Amino acid sequence: SGGAIVVAENTIATSTSMTIDWRNGNQQLVRIGTAATSISFSNYIEGQKLLLTLCNPNATAGALTWGTQILWPAATAPTQTTTANKCDVWSFLATNATSTLKIFGAQNANF
């Protein structure tokens with residue numbers, strides 16, 4: 001498609017505690033269906049750009065907690081939109097910028 005590299009979005013089953021395996025694709029979707037969800041990552045590599053779409057279908061979702069490998073601006077994770085039928089897009093960059101492999105995270109909220 002004009003030289004673009006496209007990978008199908010991987011949909012992940014919802015659980016109160018989940019590990020996103022980035023070998024399954026650089027773009028993944030979670031439809032949150034629980035009161036609270038803990039998310040961590042596995043199998044990411046240096047230089048990988050990652051997108052995670054988190055949606056709240058049909059109900060209000062609870063709070064998110066994130067794995068310790070993710071670094072956030074000002075050391076504070078943004079708050080997930082918890083309104084029913086809304087989605088947030090979380091973007092991540094796996095990098096060795098801090099001398100050890102970490103993930104920089106950011107959020108675009110309330111779609």
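Q: Which residues does Leu54 touch, not counting residues up to four places away in sequence?

A: Contact means heavy atoms within 4.5 Å. By that rule Leu54 touches Val30, Ile32, Ile39, Leu64, Trp66, Gln80, Lys86, Cys87, Asp88 and Trp90, with residues up to four places away in sequence left out. This is a predicted model, where local features need pLDDT of at least 70 and side-chain atom pairs count only at pLDDT 80 or more, while totals for chains, interfaces and linings use all residues. Residues are numbered from 1 along each chain as its sequence is written, and side-chain values use heavy atoms, leaving out hydrogens and water.

Q: Is Val30 buried or exposed?

A: Buried means under 20% relative accessible area, exposed over 50%, and partly exposed in between (1.4 Å probe, protein chains only). Val30 has a relative accessible area of 0%, so Val30 is buried. Val30 is found in strand E3; strands (E, at least two residues) are DSSP runs, numbered from the N terminus. Beyond four places in sequence, the contacts of Val30 include Ile20, Leu52 and Leu54.

Q: Where does Ile32 lie?

A: Ile32 is in the loop between strand E3 (27–31) and E4. With a relative accessible area of 3%, Ile32 is buried. Among the residues in contact with Ile32, outside four places in sequence, are Leu54, Pro57 and Gln80.

Q: Which residues of the largest nonpolar core touch the most other members?

A: In soluble globular proteins, nonpolar side chains tend to be buried together. A nonpolar core is a set of buried Ala, Val, Leu, Ile, Met, Phe, Trp, Tyr and Cys residues joined through side-chain atoms within 4.5 Å. Here the largest core has 21 residues, and Ile20, Phe41, Leu52, Leu54, Trp66 and Phe92 touch the most other members. Elements giving two or more residues to this core include strand E5 (49–55) and strand E8 (87–95).

Q: What does the side chain of Gln69 reach?

A: A polar contact is a pair of N or O atoms within 3.5 Å; within protein, one must be able to donate a hydrogen and the other to accept it, and residues adjacent in sequence count only if both atoms are side-chain atoms. The Gln69 side chain reaches the backbone oxygen of Phe41 at 2.9 Å. Gln69 counts as buried because its relative accessibility is 13%.

Q: How exposed is Phe104?

A: Phe104, in strand E9 (residues 102–108), counts as partly exposed because its relative accessibility is 32%.

Note on methods. Helix = DSSP H or I, 4+ residues; strand = E, 2+ residues; numbered from the N terminus.
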